[in-house]
Amino acid sequence: MKLYDAAMPAPNPRRVRMYLAEKGIKDVPLVPINILKGESRAADSLARNPFGGIPYLELDDGTVLSESVAICRYFEALHPDPPLFGVTPLEIATIEMWIRRVELNFMGAVGQVWIHGHPITAKLVEQIPAAAELGRQRTAAFYALFDAHLTNNDFVAGKQFSMADILALAVIDFACDLVGVPYEDSLVNVARWRTAISQRPSAAA
Ligand SMILES: N[C@@H](CCC(=O)N[C@@H](CS)C(=O)NCC(=O)O)C(=O)O
């Protein structure tokens, strides 16, 4: 198999690299794709993944799996330990709830700012400033709810580190370090959580 990958600061491929590092899965060859040079939209890449996004995983029989969370679920089924998608029905549902919240409410909002408000994407799309502003407001709303949740939780889905932490770290680093939508200094629980998750060796993957 081969994992088509893109370097930092791309948040979605980073999720899979961090997941693999947490699981101790070392035997997945990476194929680097340069998104800024247009390689994710080149004909050979689109032939493998018509949706164009990186990462995607090509299996030995030619089957291609895209979507970072789906790729990690595939590895989770192959290598259940340590579990990063939960074990009990409640853990599984809670982690899934947070994965969807982070994808839809957080990444969706940050992505709006990235596409409609960042100088890099200004060269690629016709930007709508009002969409960027809405994305900023949605991001701030997510941060406030996230901080309140983390008041009594060390990890996104509660007591255990999970795939939801991986997703949220990839999005928050992208939001703060590239897109320019950081959280307020007053959100001390978000800051504490981010520092703790960033210190895991997998965060460097
Ligand atoms: N929902 C997808 C998103 C994939 C995606 O948009 N990846 C970005 C990099 S973070 C990308 O490849 N952008 C360039 C493109 O779509 O051509 C996932 O979770 O894997």
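User: Which residues does W193 touch, not counting residues up to four places away in sequence?

Analyst: W193 touches F146, L150, D154, F155, V156, D165, A168, L169 and I172. Touching here is contact, which means heavy atoms within 4.5 Å. Please keep in mind that this is a predicted model, where local features need pLDDT of at least 70 and side-chain atom pairs count only at pLDDT 80 or more, while totals for chains, interfaces and linings use all residues. Residues are numbered from 1 along each chain as its sequence is written, and side-chain values use heavy atoms, with hydrogens and water left out.

User: Why is W193 called buried?

Analyst: Its relative accessible area is 1%. Buried means under 20%, exposed over 50%, and partly exposed in between (1.4 Å probe, protein chains only), so W193 is buried.

User: Where is W193 found?

Analyst: You will find W193 in helix 8, residues 188-198. Helices (H or I, at least four residues) and strands (E, at least two) are DSSP runs, numbered from the N terminus.

User: Let's turn to R17. Why does R17 count as buried?

Analyst: R17 has 12% relative accessibility, and therefore falls on the buried side of the cut-off too. R17 belongs to helix 1, which covers residues 11-23.

User: How do you know that the side chain of R17 makes a polar contact with the side chain of D5?

Analyst: The two side chains come to 2.6 Å. A polar contact is a pair of N or O atoms within 3.5 Å; within protein, one must be able to donate a hydrogen and the other to accept it, and residues adjacent in sequence count only if both atoms are side-chain atoms. The pair of R17 and D5 therefore qualifies. Leaving aside neighbours within four places in sequence, R17 is also in contact with A6, M8, L30 and A205.

User: What does the secondary structure of the protein chain come to?

Analyst: There are 8 helices and 4 strands.
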